[in-house]
Amino acid sequence: MDEVWHPGDTRDRHPISCITRGGAVFIGEDYRPPSSTLGRAIVNTDDILMCPGPNDIADRVLRAMIRPAACPVTPEFQEFYERTLDMLAQVYQTHHQVVPIPGSGRSGVESAITSVIEPGDRALVIICGTFGHLAARVVNGVGGQAEEVYFPWGEQLDLGVIRDKLAQGTFKLVTMVHNETSSGAVYMNAGEVAKLAHAHGALFLLDAISSLAGADLPTDVWEVDLCVSCNHKAIAAPIGHAYVAVSNRAWAVMEGRREPCRNIFGGLLNWKAQLLDPPVDGRTMRRPQGVFTAVHLFYALHEALTMILEEGLEARFARHRLNAQAFREGIKALGLQPLARPELASPTVTCIPLPEGIRSADFLQYLQQDHGIFTLPGLSPYRDTAIRIGHMGVTAIPRCILHTLYAIESVLAKMGYRVVPGVAVNRAEQAYAEASAREPLKAVAS
Ligand SMILES: Cc1ncc(COP(=O)(O)O)c(C=O)c1O
């Protein structure tokens, strides 16, 4: 694990390296905890976070938080809050309201579901990996009934099966995960599932927690009613916010509830934009802050969104696709096979089953100790036998991909697996060269 500073530590320097390898920037500031922090542990984050979330954060985004405390109820902050959420709506490709919910990704899933599901309501929950289950837990937790429909990990959904399930009952909600972070599969046919849900009279919730800002997600075109994401994946901002983009159809369902939502602060209706009469600074609607907003997280979010919009959505998606592809090519050159089918391969996450006999915990320990790369194992049935690499936000760049491939190759060799030295990096470089021959690669701002 990371080095941790303990009270009484005799070393006189405690480096906190806020590193952005993704953007070619390194600020390594030596930091001595003041005496008031005695008793707290400080985590040294020298490793590259190639996790499927949280992932590394750009230096610019970290520095954006170094501002004085501000009270979120001031008109100035309200204006900043609204502008930032307008930017987020652009990333969501939606004209609808995006609500920021404090917490991690699952807080967004919980807010969205508890806002529409009431005791006795049924939801069809599509499951093709670990994260699909979250929705079922929340639906059942508020007295609804989740009917789960399963598809094999990393395989395509069968829309006919979903259609048949819908025909067998009355469902208020259909849920699915856009990018299954457990398997590394992305389902770009989510819009087709939304159509099936709507034809049945149900709302459609899409968990886009590990895809938004890394994979194309046209929320309005796909007619997603509740589209959930969060800070710490491809948006590349600090953990602490989830987001829900809410359609008019979903607001109408909330307004027509039989009984009030019991999720008091996370209930989305508390956050619904109110008419401003008269308009203020050209704005006709005001978005209430449902809780005291974490102002510093908003500063970070604003900077992360600025980076995303400066890069441009199309360019950003293309960058993620290219780096994911180069990574997978390198992995395959090692004789390994990513879990997801090639046509479903995610631009943000790859799950790699390891050769027989290699335990993920041992592999990951070497990856971190010897190469400074921190990531997570597979989940559920793959916990001991696979690893997952997140190539998203600032780590979806050749330098991180090549470093990670080299490290994987080296650890495999150390653990007794036969590899041709350099094969993974060479193959990935070839993929970059081929792509660059088609179209010159753009540098990524940091
Ligand atoms: C697809 C998906 N949904 C839900 C979650 C849960 O989000 P969090 O762990 O941020 O609460 C994750 C986390 O990795 C995820 O990848």
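The questions and answers below go through the ligand shell, some strands and some helices.

Modeller: This is a predicted model, in which local features need pLDDT of at least 70 and side-chain atom pairs count only at pLDDT 80 or more, while totals for chains, interfaces and linings use all residues. Residues are numbered from 1 along each chain as its sequence is written.

Biologist: How do the residues of the shell around the ligand divide into nonpolar, polar and charged?

Modeller: A residue is near a molecule if its C-beta atom, placed from the backbone, lies within 6 Å of it, and the residues around the ligand include Ser104, Gly105, Arg106, Asp207 and Cys230. Ala, Val, Leu, Ile, Met, Phe, Trp, Tyr, Cys and Pro count as nonpolar, Asp, Glu, Lys and Arg as charged, and the others, Gly among them, as polar. On that basis the shell divides into five nonpolar, five polar and two charged.

Biologist: Which residues of strand β12 point one way, and which the other way?

Modeller: Strands (E, at least two residues) and helices (H or I, at least four) are DSSP runs, numbered from the N terminus. In β12, residues 203-207, five of the five residues are buried, where buried means that 20 or more other C-beta atoms lie within 10 Å of the residue's own, with C-beta atoms placed from the backbone. Pointing one way are Leu203, Leu205 and Asp207, and the other way Phe204 and Leu206.

Biologist: Which residue of β13 stands opposite aspartate 207?

Modeller: Two strands pair if DSSP finds at least two bridges between them. Strand β9 (residues 173-177) runs parallel to β12 and is joined to it by five bridges, with leucine 173 opposite leucine 203. β12 is also parallel to β13 (residues 226-230), through three bridges, and the residue opposite aspartate 207 is valine 228.

Biologist: How many of the residues of helix α3 are buried?

Modeller: Helix α3 spans residues 105-116 and is mostly covered. Among its buried residues are Gly105, Glu110 and Val116, and the count of buried residues is 10 of 12.

Biologist: Is α2 roughly parallel or oblique to α8?

Modeller: Helix α2 (residues 75-92) and helix α8 (residues 295-311) pack with their axes 10 Å apart, at an angle of about 40°; axes are lines fitted to C-alpha atoms over the stretch in contact, and angles run from 0 to 180 degrees between N-to-C directions. Angles under 35 degrees count as roughly parallel, over 145 as roughly antiparallel, 65 to 115 as roughly perpendicular and the rest as oblique. The angle therefore makes α2, relative to α8, oblique.
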